[in-house]
Amino acid sequence: MGSVRKASAWLGLVDDNDDERYYDDDYSEGTEPGDAWVTDPRVKVASDVAVEKGRRIGTVTPDSFRDARAIGELFREGVPVIMNLTAMEPADAKRVVDFAAGLIFGLRGSIDRVSNRVFLLSPADTEIVSGEPSAHRSDGFFNQS
């Protein structure tokens, strides 16, 4: 498609039928249940690279205390875990927080409150960097005083 035709199609002056030559009939039927996408073996999946470089963060939203095991297993592997307890009853949420406190004590980690009933569990080898809002910075950047 020429540049004038592309510009006309972009402006809506002519129909853009260029999409049809890229259309593949295999995608129109969808995939069957159980079919997996096959990727080029030279392409690394992001999760594989994340595991190699230690750049994973787990998020767990437990429904009951029984789901605390998933938090413990991730944390034991050295993965920082964001624990969202907003879907739990207050009594069960307290039990999970107590479990997490024992977990981080035993494995020398740390626990930080992110927001109401959301916590970050960090392994011992993870540094938490807390950024100050620009209004409170002391280096004068955006300082209005």
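In which sense do β1 and strand β2 pair, and over how many bridges? β1 and β2 (residues 81-84) pair in the parallel sense, over three bridges. The model is a predicted one. Its protein chain has five helices and four strands, and from the N terminus on the elements run α-α-α-β-α-β-α-β-β.

**Chain totals**

- Of the 145 residues in the protein chain, buried residues make up 20%.
- Among contacts with a separation of 6 or more, 46% are between residues 24 or more positions apart.
- The accessible surface of the protein chain comes to about 11,700 Å², and carbon and sulfur atoms account for 52% of that surface.

**The sheet**

- The four strands form an open sheet in the order β1-β2-β4-β3, and the pairing is mixed.
- β1 (58-60) and β3 (110-115) stand at the edges; each has a single partner strand, so one side of each is left without a neighbour in the sheet.
- From one strand to the next, the twist averages 20 degrees.
- In the parallel pair of β1 and β2, threonine 59 stands opposite isoleucine 82 in β2.
- Helix α4 (residues 68-76) packs on the sheet and touches β1, β2 and β4. The direction of α4 makes about 165 degrees with that of β2.
- β2 and β4 pair in the antiparallel sense over four bridges, with methionine 83 opposite phenylalanine 119 in β4.
- β3 and β4 also pair in the antiparallel sense, over five bridges, with serine 110 opposite serine 122 in β4.
- β3 and β4 form a hairpin with two residues between them.

**Strand β4 and serine 122**

- Five of the five residues of β4 are buried, so β4 is largely enclosed by the rest of the structure.
- In a regular strand, side chains alternate between the two faces of the sheet.
- In β4, Val118, Leu120 and Ser122 point one way, and Phe119 and Leu121 point the other way. The residues on both sides are all buried.
- Serine 122 lies in strand β4 (residues 118-122). The relative accessible area of serine 122 is 0%, under the 20% limit, so serine 122 counts as buried.
- Leaving out residues up to four places away in sequence, serine 122 touches Phe75, Gly109, Ser110, Asp112 and Ile128.

**The nonpolar core**

- In soluble globular proteins, nonpolar side chains tend to be buried together.
- The largest nonpolar core has 14 residues. Those that touch the most other members are Ile71, Phe75, Val81, Met83, Leu85, Val96 and Leu121.
- The elements giving two or more residues to this core are α4, β2, α5 (90-106) and β4.
- α5 supplies the largest share of this core, five residues.
- Valine 81 touches Gly58, Val60, Ile71, Leu74, Phe75, Phe119, Leu120 and Leu121, with residues up to four places away in sequence not counted.

**The aromatic pair**

- The count of aromatic pairs comes to one.
- Phenylalanine 65 and phenylalanine 99 form this pair, which is edge-to-face: 6.3 Å centre to centre, with 85 degrees between the planes.
- Phenylalanine 65 lies in the loop between β1 and α4, and phenylalanine 99 lies in helix α5, so the pair ties together parts that are 34 residues apart in sequence.
- Phenylalanine 65 is partly exposed, at 27% relative accessibility. Phenylalanine 99 is partly exposed, with a relative accessible area of 29%.

**Arginines with positive phi**

- Most residues other than glycine have a negative phi.
- Arginine 108 has a positive phi, near 60 degrees. Arginine 108 is found in the loop between α5 and β3 and is exposed, with a relative accessible area of 70%.
- Arginine 117 is not a glycine either, and has a positive phi of about 65 degrees.
- The place of arginine 117 is the loop between β3 and β4, in the turn of the hairpin that these strands form. At 25% relative accessibility, arginine 117 is partly exposed.

Terms used:
Residues are numbered from 1 along each chain as its sequence is written. This is a predicted model: local features need pLDDT of at least 70, side-chain atom pairs count only at pLDDT 80 or more; totals for chains, interfaces and linings use all residues. Side-chain values use heavy atoms; hydrogens and water are left out. Buried means under 20% relative accessible area, exposed over 50%, partly exposed in between (1.4 Å probe, protein chains only). Contact means heavy atoms within 4.5 Å. Two strands pair if DSSP finds at least two bridges between them. Axes are lines fitted to C-alpha atoms, for helices over the stretch in contact, and angles run from 0 to 180 degrees between N-to-C directions. A nonpolar core is a set of buried Ala, Val, Leu, Ile, Met, Phe, Trp, Tyr and Cys residues joined through side-chain atoms within 4.5 Å. Accessible areas come from the Shrake-Rupley method with a 1.4 Å probe; for residues, only the protein chains shown count as cover. Rings of Phe, Tyr and Trp (its six-membered ring) pair if their centres lie within 6.5 Å; planes under 30 degrees apart count as stacked, over 60 as edge-to-face and the rest as tilted.
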